[in-house]
Every structure is written in structure tokens, then in C-alpha cells.
Amino acid sequence: MSSSSLAAAAAAFLLAVAMSCHCHVARGWGGLGVNYGTVADDLPTAARSVELLRAAGAGAVRIYDANADILRALAGTGVPVSVTVPNDAIPSLAAAASPAAADEWVARNLAPHIPAARVVCLLVGNEVLSDRATAGTAWPSLVPAMANLRRALSARGLSRVKVGTTLAMDALGASYPPSAGAFRDDIAGAVVRPLLEFLNATGSYYFVDAYPYFAWAANHRSISLDYALFQGEASTHYVDPGTGLTYTNLFDQMLDAVVAAMARLGYGNVKLAVSETGWPTAGDADELGANVHNAATYNRNLAARMAKNPGTPARPGAEIPVFLFSLYNENRKPGPGTERHWGLYYPNATWVYEVDLAGRRPAASYPPLAPTPPAPVQDGTPVWCVLAAGGEAANDTAVTAAVEYACRQRSGTCAAIEAGGECNQPDTLAAHASYAFNAYWQLFRKAGGTCYFNGLAEKTTKDPSHGSCKFISSLD
């Protein structure tokens with residue numbers, strides 16, 4: 001055999017090895033997968049991040065783009081990696097008459113890194129069906145884009161890379177009891193059925209972002225915290241009246257609602273993977289249960305559970321790849337405080353709390369979790385949105401722009417801080433910012449408005465009202 005033939009054979013062998021994972025978490029490399037986001041300042045290098053993944057016992061990694069630096073850092077490690085196509089790229093990749101855009105995307109973003117990097121999944125978009133603003137663009141383009149990208153991969157000999165997309169639990173219109181799981185009417189027939197047909201035909205996975213934290217926090221009076229943290233006593237277990245199946249934890253309950261929803265559309269055998277799950281270590285004053293103690297308990301128990309490959313009550317023994325969110329606390333993520341506190345590590349590469357994602361470390365061997373979680377704000381406690389403690393030191397231009405944004409969203413929002421208004425004094429930018437941020441948040445929070453303003457705002461349970469100046473609260 002000539003040297004060129006030998007090289008070709010070697011390359012083909014390496015490619016086959018690199019593609020053999022089929023999205024599964026690598027048993028030899030570690031345990032649960034980890035989502036590696038980068039919406040933060042001063043993160044460690046990609047090479048250092050790979051070391052931290054290994055230290056945590058991670059079995060796979062997912063990135064939210066096709067970051068070349070991260071893919072190069074993963075080269076030669078053997079860790080399976082899932083790459084994500086940005087949501088805004090989906091419509092351009094869907095054209096049936098001209099699939100060249102999909103081939104170009106694969107050629108530019110994936111081909112240069114394979115087989116050195118073990119790319120096993122290509123996830124087309126992130127929670128696309130949660131964004132109703134793209135119902136006329138990304139939604140109908142999703143499955144065609146997936147099909148075009150799969151064809152482009154196959155044309156380059158990369159057909160073992162599984163193509164999927166990630167969906168949040170809000171893709172379901174019903175999830176309780178689990179046996180009643182059903183997709184939303186606006187997406188079930190038009191988008192989800194073709195998606196499931198594609199996944200079934202290609203042997204790929206339905207990737208779901210499943211967060212027991214949010215389900216528990218929204219229903220904490222009826223759902224036991226221990227049940228959400230995988231440590232519920234028998235008295236907290238739930239029996240589905242439709243199937244008679246017993247649930248010992250909220251995570252399984254959520255997954256089986258998805259299983260039932262897929263079966264309702266005729267695709268009950270499509271494989272399931274969890275693209276995101278986890279528990280926040282901190283949050284705003286009104287975000288219940290977000291602390292290190294609960295986060296460590298959830299992730300440690302999840303890792304130990306999944307190491308035994310239990311499946312779910314509806315799918316006992318099924319292998320379900322699971323990815324934790326996330327590798328780092330990401331300080332530049334917008335939204336509620338919890339959005340910035342899901343990480344296993346701080347940006348300085350120190351643990352937020354220790355965890356063995358392979359699930360082999362005995363619980364008693366972990367150091368004590370301190371401090372003891374503070375009592376959460378209970379229902380009935382008023383909350384306000386004010387200028388954050390560090391906001392007064394921020395650039396005046398940024399604060400002024402944030403105030404102007406808050407005030408122009410609805411006429412009269414900031415009338416109280418105008419000249420002669422009851423909250424005009426003290427006539428300072430800081431005082432006016434607190435009033436404007438709170439007025440905006442109280443008006444729009446139920447419609448998705450947040451107390452963030454690019455990090456300039458924070459929630460408080462201390463009433464900022466003074467004199468005749470009244471700040472409305474979350475209870476008003």
C-alpha cells in the first residue's frame with residue numbers, strides 16, 4: 001500500500017473512531033456532560049476550561065456555537081462535543097432549492113476540526129420554539145435546516161454526527177400528570193411532528209432542557225423540595241393515575257411528560273436526551289431556593305443517579321445522555337439573578353462547590369457546605385427593583401440610558417421623578433434610577449420584564465420609599 005493510501009486509511013479509521021459516540025456521554029472519559037457557555041468576563045482559556053471539565057469528571061461537553069478556539073482545545077482529548085448552530089442562522093440554512101449554505105456552514109465550522117475534535121452532535125438552534133417572535137421564520141425553517149445540514153454532513157463522510165435541536169419544557173402544553181403530556185397546539189402538528197419524524201428516521205435524540213428548579217419554585221407549596229432534589233421520602237412520591245407508575249423525583253416526572261407527548265404524536269420510541277439541567281446557586285430576593293446547598297445536592301444526586309443508568313419509570317433502563325448547565329457562572333447573561341449563577345466554577349477557575357460528575361464519589365467525602373442557606377423570601381413578602389449596589393459607581397452614561405429606556409416604555413411611568421413630582425427629590429441620578437427601574441419592573445414583570453438593566457439593577461426586600469415618595473411593590 002502506498003504512503004498516500006496508508007494516510008487515507010488512517011484518516012478513515014480516525015474518523016470512524018471519532019464519530020462512534022453517537023451523542024452518548026463518554027463512559028471512559030467521565031460522567032454527566034456539561035454546557036460550556038461564554039457569556040462572561042475574564043473566563044479561563046479554552047485549554048484551561050478543558051482541564052476543569054476533566055477535574056469535574058465530565059463525560060461530554062456542549063458549546064453554544066462552533067467556537068474554533070474551544071474545538072481546538074478539545075482536539076485529541078477524546079471528549080464528545082456537541083456544537084450548536086445559532087438561532088438566527090436557521091432560516092438561511094433551510095432553503096430546499098439551494099442547500100449550499102448548509103454545506104458552507106459545515107465546511108467552515110466543523111470540517112476543519114474533525115476528526116481531531118470528537119464532534120458527535122450538531123444542535124440546530126437553542127430553544128427555538130420558545131421564541132414566538134420567530135414563529136414565521138425560524139419555526140418553519142427548523143426541520144428543513146436540520147435536513148440540509150445532515151445532507152451536508154453525509155456528503156463529507158460525517159453522517160455519524162447526529163443532528164438535533166434543543167427544546168424547553170414550554171414546548172409542552174400539558175405535563176401533569178406525566179401520562180397527559182402533550183405538545184402545544186401551535187407547534188404540535190406544524191413543527192414537532194416533522195421534527196420527530198426526522199429524529200426517528202435518523203436515529204437522533206429529542207433534546208430537552210429540563211429544570212426541576214423552575215417547576216418547584218413555581219409550585220413550591222405543592223411540590224416538596226426534597227422531591228425536586230432526589231432525596232424525597234416515600235410520602236413525597238407521586239403515582240401517575242393514568243399509568244400507575246410511581247415517581248420518586250421531579251426530574252423523571254418531567255422527562256416522562258415529554259415521552260408521553262412524543263407517543264401522543266405517534267413517535268413514542270424516539271430517544272431522549274437532556275441538553276440542559278441544573279440548579280442555581282444564587283438569585284434575586286424573590287427567587288426561592290437558589291443557593292449553593294441546593295445546587296450541590298441536586299447535581300451530586302443527579303450524577304450518582306445517572307451513573308446507574310436507571311432510565312425513567314416509563315422507560316426503565318433507557319440510556320439518557322444528560323448535560324448540566326453550566327461550566328461557569330456567566331456574569332453577562334441578562335435576566336433574573338439566577339441566570340448568572342448556574343456554574344460549577346467561578347471565572348477564576350475555583351469551585352463554586354465540588355462535584356464528581358461521574359457519580360462515583362461518596363456523599364460523605366464532600367466538604368461541608370457553608371454557609372447554611374438563608375431563609376428564602378416567602379410568598380407575601382414585597383420586593384422592589386433598585387439601582388444595584390455597584391450601580392452608583394457605573395458610568396453615568398450607562399445609567400442615564402437605562403433610566404431613559406425604563407421611562408419611555410409607557411407614558412407616565414416616570415412622572416413622579418419629573419420636576420415637581422413627589423419623587424423628584426433627591427434630584428440625583430441614583431435616586432431617579434431606582435425609581436425608574438422599579439416602576440418599569442413592576443409594570444412589565446408579569447409580561448417578562450426583568451430587573452436587570454445590563455447589571456445596573458437588583459431586587460431588594462427593603463422598601464426604598466421615603467417621605468411622600470411611594471415605590472410600588474410586587475404586592476401592590
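The model is predicted, so local features need pLDDT of at least 70, side-chain atom pairs count only at pLDDT 80 or more, and totals for chains, interfaces and linings use all residues. Residues are numbered from 1 along each chain as its sequence is written, and side-chain values use heavy atoms, with hydrogens and water left out.

**Exercise 1. Pairs within a helix**

Task: find which residue forms a salt bridge with Glu51, and say where both partners lie.

Solution: 
- Start with the criterion: a salt bridge is a side-chain nitrogen of Lys or Arg within 4 Å of a carboxyl oxygen of Asp or Glu. The whole structure holds 12 of them.
- Apply it to Glu51: the partner is Arg48, with the closest N and O atoms 3.0 Å apart.
- Locate the pair: Glu51 and Arg48 both sit in helix H2 (residues 46–55), 3 residues apart, about one turn of the helix. Helices (H or I, at least four residues) and strands (E, at least two) are DSSP runs, numbered from the N terminus.
- Check exposure, where buried means under 20% relative accessible area, exposed over 50%, and partly exposed in between (1.4 Å probe, protein chains only). Glu51 is partly exposed because its relative accessibility is 46%, and Arg48 is partly exposed at 36%.

**Exercise 2. A pair between distant parts**

Task: work out where the partners Asp284 and Lys459 lie, and whether each is buried or exposed.

Solution: 
- Begin with the distance: the closest N and O atoms of Asp284 and Lys459 are 3.3 Å apart, in a salt bridge.
- Read the accessibility: Asp284 is buried at 11% relative accessible area, and Lys459 is buried at 15%.

**Exercise 3. Two packed helices**

Task: describe how helices H11 and H12 pack, and name some residues that meet.

Solution: 
- Take the geometry: H11 (residues 396–407) and H12 (residues 429–444) pack at about 35°, their axes 9 Å apart. Axes are lines fitted to C-alpha atoms, for helices over the stretch in contact, and angles run from 0 to 180 degrees between N-to-C directions.
- List contacts (heavy atoms within 4.5 Å): the residues that meet include Val399 and Val403 in H11, and Leu429 and Phe437 in H12.
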